[in-house]
Structures are given as structure tokens and as C-alpha cells.
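Hi everyone, thanks for coming. Please have a look at the sequence and the structure before I start talking.

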Amino acid sequence: MPILLPPLSRRRFLTSVVAGAATCLARSTVGKEPLCDANRFALLSDTHIAGDRTKTARGINMHDNLKTVVGEVLAAQPAPAGVLVAGDLAFNEGTGEDYATLLGLLQPLRERGLPVHLAMGNHDHRERFWQALGEAERKSSRLEQKHVLMVSAPLVNWFVLDSLDRTDKVSGTLGDEQLKWLADALDRAADKPALVMLHHYPDAGSIPTGLVDTEPLFKVLLPRPHVKALIFGHSHVWKVDQREGLHLVNLPPVAYVFAPSNPNGWVDARVAADGMTLELRCLDQQHAQHGQRVQLKWRA
Ligand SMILES: [Zn+2]
């Protein structure tokens, strides 16, 4: 299926830069302690919300977990400039009911003026997601058949990719058109550090359970020194690593973990000119890793 590549015009690019910074400024009170930090972001992944809010999996009620996390993000002072969710928004097959329940849970953030940026995972369904979220969400994507976003902040640009291949098939792909779009979009925004988010983890295995086109993605990211971090979910395991100075951040799930000792929760990210501090916020506040801070220094 051909994928149309609408031009990412300079004008459109500038509009998105201004909009990103302005949302946060508009919510802050001039002359007082700022209510919103334009360089703070709430990073979530693998929410796995089912239409039925009483649904549980592996002993976890996914609805209640996300509700708790949304409450914590709302309570953060100063407020983050935005929330990014690295996919697997829906429980299993991305039904319309799943997305309706998800939207209900995210509503308090949107009411507070906090933009929420959502990536597609292997348990999502792109068309039903667009149907549930409305035309505006579809139009915010820069590719006809993929849900990609660029979110600009004062110190970084976020690129949110779409690695959903087929719903409920574990591995993911970006595809040549999206990689071309990403390379072009990164080159147009080389004046600022770039942070790239997608659902699937890098995977060099012969039978990949993560991103099939991992090496083509690294061929886009590694030679561009302004790309500082790749952020993903999928494994339900919190982990920070790096490859040639590019930070690899595996976000914890909001929903269930596969090994009981692993934390679930979210990550409070604070961006600076030369790096980013990640603070793990565990749903179990007694967890040994709750409050763990990781300092990422940007590569040269
Ligand atoms: Zn998942």
C-alpha cells in the first residue's frame, strides 16, 4: 500500500514549535512560581486499558493503575508540559470500547490543558484508535497510514513513531517510508536535541519479538549526533542502556509486569540543555526502585 509523504514544510514545522512552548506558557502564571515546566514530561507505556474497567490481568486492574498514574501526573508541581505514552494503549486488540475507556481516563489531563501524545503498540488498532479519537488526531499524523507525531519543546524535539505492524502480532516494523520521513524530519530539526519514542524495543534476534527493522532505524539515528535517546516500552521491564552514546530507555509498564520483582509505574523526565534526568515513579511506593534517578548526559 503506498504511503503518502506530505511535505513537512518549514512553516508547519515552526507552527508546531510555537504551539508546544505556548501551551505550557499559557498555563503558567506570569510573575509567580511557574505552574508548568516546559521541560518536564511524564513518560508512560503499556497501559493496556480494556473497555471493561473491572478487567484484571496478572493480578492487576489496568484501569486503576492508569487512574493512579494520571492522578500522580496531575499532582506534579510544577506540572509537566506533556504526557507521552509509548504504545500498547489498549488491552489486547484495540477495540473501540478500549479506546473509549482510555479517553475517559486521560480526560482529566486534557481538561487541565496537558497535551497527551500517544504511540501505537502491537496491541493497538490504528483505525479504531483514530475513530475513537476523532479526525483531529488522524490529521495530526504526518503520514497517511502511520500515526507519527513531532512534539517540540524549548530544549528538545520529540519524534513519536508508529511500529505497529499487525494488531496482536508481537513484533513491529517502521517501514521504509516512515524511516525516510524520520530522517528528513530529524534533518530539518538538527538545531535541537531529538528524542525518539516508539513502542517496540530494538531487537537484533533472528526471530524478532521487538522491532524488525532495528538496524535500519539505528542507521538513521546513530549518524545524527543531535539524536540523543531512543525511548520505548513493549518488554514491561524498566531499563536504561546505551549504544554508541545514544541512550536506550525502556519504560516500565503502567499495567502488569511479567516478573513480580519488576516495577510498574511511570517516569518523570526533566530535560536540561545537556541531558535529561529520569525519575522512576513506582505504583508500589515501597518498591526498592521507587524514586530511582538516572542522569542521561547527551552525546556530543
Ligand atoms: Zn505491552
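I'll talk about the metal site, and then about the salt bridges.

A word on the basis: this is a predicted model, where local features need pLDDT of at least 70, side-chain atom pairs count only at pLDDT 80 or more, and totals for chains, interfaces and linings use all residues. Residues are numbered from 1 along each chain as its sequence is written, and side-chain values use heavy atoms, with hydrogens and water left out.

So, which residues coordinate the zinc ion? They are Asp46 through OD, His48 through NE2, Asp88 through OD and His236 through NE2, at 2.1 to 2.4 Å. A donor here is an N, O or S atom within 2.8 Å of the metal (3.2 Å for Na, K and Ca), and sites may look incomplete because water is not among the atoms. Along the sequence, the donor residues follow the spacing D-x1-H-x39-D-x147-H. Aspartate 46 sits in the loop between β1 and β2 (56-57), while histidine 236 is in the loop between β9 (227-232) and β10 (239-243), so this pair links distant parts of the chain, 190 residues apart. The strands are DSSP runs of E, at least two residues long, numbered from the N terminus.

What about the geometry? The angles among the four donor atoms run from 88 to 171 degrees, and the site is irregular.

Buried means under 20%, exposed over 50%, and partly exposed in between, with a 1.4 Å probe and protein chains only.

Now the salt bridges: the structure holds ten. To count, a side-chain nitrogen of Lys or Arg must be within 4 Å of a carboxyl oxygen of Asp or Glu.

One of them joins aspartate 37 and arginine 270, at 3.9 Å from N to O. Aspartate 37 belongs to strand β1 (residues 36-44) and arginine 270 to strand β12 (residues 265-271), so the pair ties together parts 233 residues apart in sequence. Arginine 270 is partly exposed, at 34%.

Another pairs aspartate 165 with lysine 169, with the closest N and O atoms 2.6 Å apart. Aspartate 165 is partly exposed at 33%, and lysine 169 is partly exposed at 28%.

Definitions and conventions:
Helix = DSSP H or I, 4+ residues; strand = E, 2+ residues; numbered from the N terminus. Tetrahedral: all angles 85-135°; square planar, octahedral: opposite > 155°, others 65-115°.
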